[in-house]
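Visitor: Please walk me through this model, one question at a time.

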Amino acid sequence: MRHVELDALIPAEQAAAVFTAVQRWEKYPELAPHVNATTVHAAHPAADASSSWELHFRSGLLRWTEDDTFLPEANEIRFQQSDGDFDSFGGSWSFAQEGADVAVRFEAEFDFGIPSLEGILDPIAERVIKETVAWALTGLFPGTRISGGVELTTPAAVGA
């Protein structure tokens, strides 16, 4: 199981506003060049929220549908794959007010279920997931500071 995490600091925002903006999955194809398409089946405040995703991955598309759980009282979003290309995929977004700024933490764990290819597939998937989150946050909030060694490349170079 591969663990992915990304931390960001969004200056001069409120955690509730960041929580609301981040959950707008339908905007991600405009924000993150790795995202080919998103479909929101049901959104917050629906109890059975879910979304489908297509990310450019290697020379094809990585697809999954996830169940999304929105916990505004905890400033957290949780997701778990219900169908798709991963053997398992799930994680969370958390938002914490730190003075005038908002700390965002994205965490996910995934497994393709193909042990013989994990040395090849896992690092690429980890990079694509991290970059997608970083692109989305910096697109939504241009002053965002990303930590963890993520370097965003020009959109023309992200199809790898």
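Visitor: What percentage of the 160 residues of the protein counts as buried?
Guide: This is a predicted model, where local features need pLDDT of at least 70, side-chain atom pairs count only at pLDDT 80 or more, and totals for chains, interfaces and linings use all residues. Residues are numbered from 1 along each chain as its sequence is written, and side-chain values use heavy atoms, without hydrogens and water. Buried means under 20% relative accessible area, exposed over 50%, and partly exposed in between, with a 1.4 Å probe and protein chains only. Of the 160 residues, the buried share is 42%.

Visitor: In what order do the elements run from the N terminus on?
Guide: Helices (H or I, at least four residues) and strands (E, at least two) are DSSP runs, numbered from the N terminus. The protein has three helices and eight strands. Their order is β-α-α-β-β-β-β-β-β-α-β.

Visitor: What radius of gyration does the protein have?
Guide: The radius is taken over C-alpha atoms, and the globule rule is 2.2 Å times the number of residues to the power 0.38. With 160 residues, a compact globule would come near 15 Å. The protein agrees with that, at 15 Å.

Visitor: Is Ala12 buried or exposed?
Guide: Ala12 is found in the loop between strand 1 (2-10) and helix 1 (15-22). Its phi is positive, about 55 degrees, although Ala12 is not a glycine. With a relative accessible area of 60%, Ala12 is exposed.

Visitor: Where is Asn75 placed?
Guide: Asn75 is not a glycine, yet has a positive phi of about 50 degrees. Its place is the loop between strand 4 (60-71) and strand 5 (76-84).

Visitor: Which residues does a cis peptide bond join?
Guide: Pro45 is found in the loop between strand 2 (35-42) and strand 3 (50-57). Omega is about 15 degrees for the cis bond, which joins His44 and Pro45.
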